[in-house]
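Here is a short note to read beside the structure. Please keep the view open as you go through the points.

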Amino acid sequence: QVQLVESGGGLVQAGDSLTLSCTASGGTFSGYSMGWFRQRPGREREFVATITWSHGSTYYRDSVKGRFTISRDNAKNTVYLQMDNLRPEDTAVYYCVGQLIPSNEYDYWGQGTQVTVSS
C-alpha cells in the first residue's frame, strides 16, 4: 500500500519562498499523477497543482499560476511544490495526493503539512 509523506511546511513571511516535498513509500508509484491540494482556514479543500507521472504535464489553479511550480523525480518517487512570492491567503494545510487513473478522484492522500504566511 502506497503511503504519501509530506515535508517542508512552516512559517514564513509574505513574499518568501517555501518548497514542499512528498515521497511515496511502500512501493513504487506507477500511477497517473501526483499533486497537491490545500485547505485554507474556514474553506473547503481545493486543488492546487498536479503533474502527470509519465509525461510531466502540469496543471495549476489560477491563483497560484506564475508563483508555484510543481515537479517530480520519478526515481525518488517524489513530487515537489516550489512556492514563491507567498501571500497570507496561501496559508493552509497542504495535502499531497496520488491518482492511479485519470478521474475526478484521488486514490492516495498524505497527512498534510501546515504552511503559514504572515503579513
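1. Start with one pair of residues. Tyr80 in β8 is the bridge partner of Ser71. Strands here are DSSP runs of E, at least two residues long, numbered from the N terminus.

2. A word on the basis. This is a predicted model, in which local features need pLDDT of at least 70, side-chain atom pairs count only at pLDDT 80 or more, and totals for chains, interfaces and linings use all residues. Numbering runs from 1 along each chain as its sequence is written, and side-chain values use heavy atoms, with hydrogens and water left out.

3. Now widen the view to the strands. β7 and β8 (residues 78-83) run antiparallel and are joined by six bridges. Two strands count as paired if DSSP finds at least two bridges between them. The open sheet has four strands, ordered β1-β3-β8-β7, with antiparallel pairing. At its edges lie β1 (3-7) and β7 (68-73), each pairing on one side only. From one strand to the next, the twist averages 15°; axes are lines fitted to C-alpha atoms, and angles between N-to-C directions run from 0 to 180 degrees.

4. Look at Leu81. Beyond residues up to four places away in sequence, its contacts (heavy atoms within 4.5 Å) include Leu20, Trp36, Val48, Ile70 and Tyr94.

5. Is Trp53 buried or exposed? Trp53 is buried, with a relative accessible area of 5%. Buried means under 20%, exposed over 50%, and partly exposed in between, using a 1.4 Å probe and protein chains only. Trp53 sits in the loop between β5 (45-52) and β6 (58-60). Among the residues it touches, leaving out those up to four places away, are Phe29, Tyr32, Met34, Arg72 and Val79.

6. Finish with Arg40, in the loop between β4 and β5. Arg40 counts as buried, at 16% relative accessibility. Its side chain makes a polar contact with the side chain of Glu46 at 3.2 Å. A polar contact is a pair of N or O atoms within 3.5 Å; within protein, one must be able to donate a hydrogen and the other to accept it, and residues adjacent in sequence count only if both atoms are side-chain atoms. Outside four places in sequence, Arg40 is in contact with Glu46, Glu89, Thr91 and Ala92.
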